[in-house]
Amino acid sequence: MANAPVKKVPIHLQSSQNRLLIKNGRVVNDDGMEDADVYIEDGIIKQVGRNLIIPGGTRTIDATGKLVMPGGIDPHTHFELEMMGAKSADDFYKGTRAAVAGGTTTVIDFVLPEKGQSLIEAYNNWREKADNKVCCDYALHVGITWWSPSVKKEMEQLVTDQYGVNSFKMFMAYKDAWMLDDYDMTRAMETCTELRALPMVHAENGHIIARNTEKLLAAGVNGPEGHELSRDEEVEAEAVNRACVIANQADSPLYIVHMMSKSAIQALEIARRRQKPPVYGETLAATVGTDGTHYRNACFRHAAAHVLSPPLRPDPDTPLAMVEALADDRLQLIGSDNCTFHEKDKELGKDNFSKIPNGVNGVEDRMAILWQKGVNTGLMDPCRFVAVTSATAAKVFNLWPGKGRVCAGADADLVVWDPRLERTISAAAHRHAVPFNIFEGQHVVGSPQYVIVNGRVCLDDGDLRVAEGSGRFLKTPVNSPYVYGGEAPSSSPQPQRETPTHSPSKISNGNGTPDLNLVQRQLDSVNVSGCSTPTGRKMREPGQRDLQNSTFSISKEIEGLDTKTSVRVRNPPGGKSSGLW
């Protein structure tokens with residue numbers, strides 16, 4: 001990225017990042033797919049196309065039968081976070097190492113000042129913790145945990161190029177800790193509007209939670225099940241609605257983090273229909289991959305390991321509803337909210353659920369879980385998968401198109417995704433610092449085979465090789481064209497804000513269970529020379545070959561078929577095909 005400082009590259013990494021060719025793959029962006037080779041030099045994508053002229057000494061990765069996608073962007077992590085008397089176990093090295101292993105090449109963490117603490121002091125503390133540890137690029141949101149004229153003044157400083165922050169998070173929960181009242185939240189959102197920054201909200205009614213907690217403890221309910229009982233769906237949905245009303249009054253866009261329930265999604269849908277400033281909703285890998293029945297497990301260690309806020313919902317239909325909302329653009333992004341704690345820290349709440357540190361894993365398995373639950377079931381196609389795991393985050397936080405897109409000039413953050421690679425998620429094999437995984441035992445089909453971070457092959461055919469401190473801090477400029485509209489700054493050649501136009505190709509087997517034939521049909525159905533969106537925009541860069549007649553087929557490459565199995569479907573002028581592909 002042009003706005004990131006250049007670091008001296010260690011000698012042992014220089015040759016690996018210099019020149020790389022990814023050959024024979026299918027490139028997937030949020031607006032379409034094409035069969036193309038990708039040439040990388042000095043950490044930048046230089047060419048995307050066929051019959052490229054490549055200099056000698058270039059390493060080649062054969063991506064036959066694989067997908068070449070932008071590296072994932074996790075917009076929500078908490079590494080080395082101190083909360084509720086404990087510190088999260090995954091530091092910036094172990095956390096970003098786990099991220100890279102799962103195909104995520106950029107994370108955005110949260111600076112959370114204590115009440116009364118200087119925002120800039122807290123920001124500097126986070127930079128000090130992260131800069132020499134990160135294995136991939138990272139950016140920072142900053143929390144607004146208290147309000148005064150000095151906070152506003154520091155927000156004005158943080159959005160300058162010196163600090164590079166364009167998003168500020170407010171809490172409607174955690175009473176007596178980070179929670180803001182409605183008046184202060186209104187002032188903070190008004191300031192975001194003035195600065196052309198993006199306010200983010202943790203939406204739960206903190207006062208109701210506090211009172212429910214008192215009543216549950218008085219009734220003798222002190223185990224992890226009390227956590228979910230104290231903050232049910234209605235408590236989340238009310239706060240979502242209230243946050244949207246406040247944002248609308250402040251004429252501000254809004255980003256709601258970790259939405260966890262069907263009721264919250266319904267509140268968001270209503271707000272998105274009525275409000276002019278855009279509202280974005282994020283959900284989590286945890287919500288998609290598991291549910292709240294775990295809170296009633298007889299083993300405290302197991303139940304407490306699933307505690308996060310808002311909580312996982314016991315409604316068994318919630319995970320499917322979340323995937324459908326992501327596919328239909330009722331939710332726009334998926335993060336991890338990765339905030340792991342050791343068992344001894346979770347035991348701080350052994351006799352009082354309100355003292356269990358909140359947080360779960362997810363940064364490593366986020367992409368594989370969504371692929372399994374979304375793409376393998378036919379609920380979303382690979383283009384929409386790219387949108388919700390990377391491209392939309394890049395646009396919202398003004399990193400586009402340097403991040404979140406496979407195109408000439410972008411950072412060489414890429415995933416070579418094998419849609420047939422099978423594995424079983426297990427704490428014994430993951431890279432987190434804790435011996436527990438909330439997705440334990442889940443079988444997934446589809447995972448990264450290679451992960452390239454700034455041109456370096458960090459996951460090399462399953463072998464993880466990362467360097468501590470090799471990542472960069474990314475400045476996120478305010479006035480994101482995607483959020484606020486208008487022209488992008490001339491120094492950052494970004495497109496104007498777009499209304500999402502991609503219509504996911506749904507091919508469902510009717511029961512929400514994985515079916516690889518559905519995945520294959522999705523991959524084969526797309527016009528690989530262009531895009532599958534109603535806009536008719538092409539992915540091909542000017543001067544590249546028309547790949548319309550490509551014979552690439554994942555079925556053919558993997559299964560050895562002698563005939564072409566793909567069917568090219570064109571969108572008619574002015575509208576999309578209504579056929580079921």
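"Buried" here means under 20% relative accessible area. Keep that cut-off in mind for the views below, which come from a predicted model.

View 1. Across the structure, the disulfide count is zero.

**View 2. Phe 168 and the largest nonpolar core.** This core has 134 residues, and Ile 144 and Phe 168 are the ones with the most contacts inside it. Which helix gives the most to this core? It's helix H15, residues 382-396, with eight residues. Now look around Phe 168: setting aside neighbours within four places in sequence, its contacts include Val 142, Ile 144, Met 155, Leu 158 and Cys 192. In soluble globular proteins, nonpolar side chains tend to be buried together.

**View 3. A second, separate core.** This one has 20 residues, among them Ile 61, Ala 410, Tyr 450 and Val 457.

**View 4. Thr 389 in helix H15.** You'll find Thr 389 in helix H15. Is Thr 389 buried or exposed? With 1% relative accessibility, Thr 389 counts as buried. Not counting residues up to four places away in sequence, Thr 389 touches Gly 72 and Ile 73, along with Ile 334, Arg 366, Met 367 and Leu 370.

View 5. Pro 70 sits in strand E5, which covers residues 67-70. Its relative accessible area is 2%, so Pro 70 is buried. Leaving aside neighbours within four places in sequence, Pro 70 is in contact with several residues, including Val 28, Asn 29, Val 386, Ser 390 and Val 415.

**View 6. Helix H12, residues 318-327.** Why is helix H12 largely enclosed by the rest of the structure? Eight of its ten residues are buried, so the rest of the structure largely encloses H12. Among the buried ones are Thr 318, Pro 319, Met 322, Val 323 and Leu 326. After H12 comes Asp 329, which has a positive phi, near 70°.

Note on methods: Residues are numbered from 1 along each chain as its sequence is written. This is a predicted model: local features need pLDDT of at least 70, side-chain atom pairs count only at pLDDT 80 or more; totals for chains, interfaces and linings use all residues. Side-chain values use heavy atoms; hydrogens and water are left out. Buried means under 20% relative accessible area, exposed over 50%, partly exposed in between (1.4 Å probe, protein chains only). Helices (H or I, at least four residues) and strands (E, at least two) are DSSP runs, numbered from the N terminus. A nonpolar core is a set of buried Ala, Val, Leu, Ile, Met, Phe, Trp, Tyr and Cys residues joined through side-chain atoms within 4.5 Å. Contact means heavy atoms within 4.5 Å. A disulfide is a pair of cysteine sulfur atoms within 2.5 Å.
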